[in-house]
Amino acid sequence: MTSYGSKTLLLFFMILVLPLPCSYGQTVQPQQQPAARYAIAFRLPLSQGSNGIDGHLELRQDARLTSKLSGLMWGTGNVNIEDDPELAMFKSEPPRNAVIQVVDRAGKVLDEQRLERPLAKLRTAQLYGDSRLTYLLTVDYSAGFGSYSGSITSLVEVKSGRLRWVESTDAKTGNTGKIRLMESLKTTWKFVDAPDGKGKQILFAQCRPDWSSVKDDPDFTTTYARFYFDGAKWLIIKRTVKGLSEFDQGFPSRKYFPR
């Protein structure tokens with residue numbers, strides 16, 4: 001047999017023996033699909049009449065994040081991953097960021113938003129004095145320390161099968177932006193009944209350094225804000241006063257907020 005023929009025969013036997021990365025049979029485990037790496041943490045029903053789609057609003061988290069582990073990690077900024085043996089799996093591969101999705105009854109994703117953090121929660125609120133639902137998406141932005149980090153709640157509604165983030169317009173400046181409500185030592189918020197008894201308003205307070213005061217140790221100001229729905233859109237009015245405020249002793253008195 002020629003040298004060429006020997007090499008050809010050897011190559012033929014190598015092909016028979018060595019496993020090849022192909023899609024046939026079970027020779028090679030295929031790489032896990034992205035959907036399989038997530039699990040549904042919260043699932044709320046959607047209807048054609050209210051949301052333009054029969055399906056669900058789903059919050060998906062890293063499939064490794066059980067309810068117990070999510071509870072251990074919430075509010076810590078993931079700083080306990082290095083110390084807690086129950087969280088050892090996240091040392092080599094940190095938890096993936098969560099995803100909120102609108103899906104139809106067949107499971108088809110119609111709209112989605114990838115979040116900036118792994119941990120989140122989803123619940124409903126009725127803000128308009130009728131049966132309409134607003135979805136409260138709370139994302140854990142905690143750093144594990146400091147008084148300016150914590151969870152942030154955004155308001156989202158589902159219309160025509162799509163996510164619609166609730167925005168507010170500053171009644172004084174006309175500027176518009178997404179409503180984002182932090183909860184931390186120096187920031188707090190809550191829903192209150194509207195004066196007419198129909199629907200809800202939002203009271204929001206935050207204390208921040210006054211960087212306009214040119215000092216090594218700046219003064220502080222506290223802003224008290226009220227969000228309200230005027231029948232067509234959400235508006236925000238604010239009142240800012242000098243002074244340091246922290247809210248670990250309870251929510252501030254209603255008298256501080258603008259009427």
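Two strands are taken to pair if DSSP finds at least two bridges between them. By that criterion, strand 3 (residues 99-104) and strand 4 (residues 109-114) pair, because five bridges join these antiparallel strands.

**Confidence of the model**

- The protein chain has a mean pLDDT of 87, with 85% of its residues at 70 or more.
- Residues 1-33 have a pLDDT below 50, and this stretch makes seven contacts in the model beyond near neighbours in sequence.
- Where pLDDT is low, the predicted coordinates should not be read in detail.

- An open sheet is built from four strands in the order 1-2-3-4, with antiparallel pairing.
- Strand 1 (38-46) and strand 4 are the edges of this sheet; each has a single partner strand, so one side of each lacks a neighbour in the sheet.
- From one strand to the next, the twist averages 20°.
- Eight bridges connect strand 1 with strand 2 (residues 55-62) in the antiparallel sense.
- Within this pairing, Tyr38 has Asp62 in strand 2 as its bridge partner.
- Across the pairing of strand 3 with strand 4, Gln101 lies opposite Glu112 in strand 4.
- Strand 3 and strand 4 make up a hairpin with four residues between them, and Gly107 in the turn adopts a positive phi of about 90°.

- Strand 9 (residues 167-170) pairs with strand 15 (residues 234-242) in the parallel sense, over three bridges.
- Asp170 has Ile236 in strand 15 as its bridge partner.

**Aromatic contacts**

- Eight aromatic pairs are found in a search of the whole structure.
- One of these is the edge-to-face pair of Phe204 and Phe227, with 6.4 Å from centre to centre and 75° between the planes.
- This pair links distant parts of the chain: Phe204 belongs to strand 13 (residues 200-209) and Phe227 to strand 14 (residues 220-229), with the two residues 23 apart.
- Is each member of this pair buried or exposed? Phe204 has a relative accessible area of 11% and is therefore buried, since the cut-off is under 20%. Phe227 is likewise buried, because its relative accessible area is 5%.
- One aromatic cluster is formed by Tyr224, Phe251, Tyr256 and Phe257.

**Lysine charges over tryptophan rings**

- Lys121 places its charged end over the ring of Trp74, 4.3 Å from the ring centre.
- Lys178 has its charged end over the ring of Trp165, 4.5 Å from the ring centre.

**Loop residues and backbone angles**

- Asn78 has a positive phi of about 65° although it is not a glycine.
- Asn78 is located in the loop between helix 3 (67-73) and strand 3.
- The relative accessible area of Asn78 is 26%, so this residue is partly exposed, between the limits of 20% and 50%.
- Ser160, also a residue other than glycine, has a positive phi near 55°.
- Ser160 lies in the loop between strand 7 (151-159) and strand 8 (162-165).
- Ser160 counts as exposed because its relative accessible area is 59%, and the cut-off for that class is over 50%.
- Gly146 occupies the loop between strand 6 (134-140) and strand 7.
- Gly146 is exposed, with a relative accessibility of 61%.
- Between Gly146 and Lys186 the separation is 40 residues in sequence and 9.7 Å in space, taken from C-alpha to C-alpha.

Notes
Residues numbered from 1 in each chain as written. Predicted model: local features only at pLDDT ≥ 70, side-chain atom pairs only at ≥ 80, totals over all residues. Heavy atoms only, no water. Phe/Tyr/Trp six-rings, centres within 6.5 Å; stacked < 30°, edge-to-face > 60°. Buried < 20%, exposed > 50% of the residue type's maximum accessible area, 1.4 Å probe, protein only. Lys NZ or Arg CZ within 6 Å of the ring centre and 35° of its normal. Axes fitted to C-alpha atoms, helices over the stretch in contact; angles between N-to-C directions. pLDDT = per-residue confidence, 0-100. Contact = heavy atoms within 4.5 Å.
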